[in-house]
Structures are given as C-alpha cells and as structure tokens.
Amino acid sequence: MLSSRPFAEIHAFPSAGGGVGILSLDNPKLTTSHFVALDAPGVVDPAVDIPDHLELEDFLVRHLSVGTQFHMSFLMVGKLQE
C-alpha cells in the first residue's frame, strides 16, 4: 500500500515489517529539498560520506541539531503496524 503518513508516525516506521519510505527535508545548507530512504535497518542518505544506514533516531537528532526542517509527511510503501 502506498500512502502519505504524518511525520509524527515516523517512529513507528522501524516496526513496519518490510515497508520502505521516502522522507523529505530542508537543510539550511542546501537550496533544494533533500530526500532520504527509510527501511527497517534505518535511514539511507545519498549525501557524501554518510554510512549505508543510520539509525533513525541518530539521523533525526543529527539533522535537528543543525536546523533541518522535516516535511510534515513522508511517503510509505507498505503499512505501519497498528
């Protein structure tokens, strides 16, 4: 199932059981939106010198600390566990 989910549900993502997602954000150092992929092991960020997967919480803390603004929803393929 393809759906747009509110950002507030992002912490339920790791337990989604095989789902994947796309999260968009605005970094103050970039002039365009940036996109990252989400899956069960964590976040895959296409930026230079980023490990293959970052734990979701580490990724969020890292980006919030530099003023990144996350978009209000993320794209989910699969379903969140109830």
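The following legends describe close-up views of a predicted model.

Residues are numbered from 1 along each chain as its sequence is written, and side-chain values use heavy atoms, with hydrogens and water left out. Because the model is predicted, local features need pLDDT of at least 70 and side-chain atom pairs count only at pLDDT 80 or more, whereas totals for chains, interfaces and linings use all residues.

**View 1. Secondary structure of the protein chain.** One helix and six strands are present in the protein chain, arranged along the sequence as β-β-β-β-α-β-β. Helices (H or I, at least four residues) and strands (E, at least two) are DSSP runs, numbered from the N terminus. Of the 82 residues in the protein chain, 32% are buried; buried means under 20% relative accessible area, exposed over 50%, and partly exposed in between (1.4 Å probe, protein chains only). Among contacts in the protein chain with a separation of 6 or more, 57% join residues 24 or more positions apart, a contact being heavy atoms within 4.5 Å.

**View 2. The salt bridge between glutamate 9 and arginine 5.** One salt bridge is found in a search of the whole structure. It joins the side chains of glutamate 9 and arginine 5 at 2.8 Å, N to O; the criterion is a side-chain nitrogen of Lys or Arg within 4 Å of a carboxyl oxygen of Asp or Glu. Glutamate 9 is partly exposed at 25% relative accessible area, and arginine 5 is partly exposed at 27%.

**View 3. Alanine 8 in the loop between strand 1 and strand 2.** Alanine 8 lies between strand 1 (2-6) and strand 2 (20-26). With a relative accessible area of 72%, alanine 8 counts as exposed. Its C-alpha atom is 8.1 Å from that of methionine 72, a residue 64 positions away along the chain.

View 4. The volume of the largest pocket is about 160 Å³. A pocket is an open set of points on a 1 Å grid over the protein atoms alone, where a 1.4 Å probe fits, with protein on both sides within 12 Å along at least five of seven lines; lining residues have an atom within 4 Å of a point. Grid points are joined across faces, edges and corners, and the volume is the space filled by probe spheres set on the points. The lining consists of Asn27, Lys29, Leu30, His34, Asp45, Ala47, Arg62, His63 and Val66. By class, these residues are three nonpolar, three polar and three charged; Ala, Val, Leu, Ile, Met, Phe, Trp, Tyr, Cys and Pro count as nonpolar, Asp, Glu, Lys and Arg as charged, and the others, Gly among them, as polar.

**View 5. Histidine 34 and histidine 63 of the pocket lining****.** Histidine 34 belongs to strand 3 (residues 34-39) and is buried at 14% relative accessibility. Its side chain makes a polar contact of 2.7 Å with the side chain of aspartate 45. A polar contact is a pair of N or O atoms within 3.5 Å; within protein, one must be able to donate a hydrogen and the other to accept it, and residues adjacent in sequence count only if both atoms are side-chain atoms. Histidine 63, in helix 1, is buried at 10%. Beyond four places in sequence, the contacts of histidine 63 are Leu25, Asn27, Asp45, Thr68 and Phe70.

**View 6. Histidine 53 in the loop between strand 4 and helix 1****.** Histidine 53 is partly exposed, at 35% relative accessible area. A polar contact of 3.0 Å links its side chain to that of aspartate 39.
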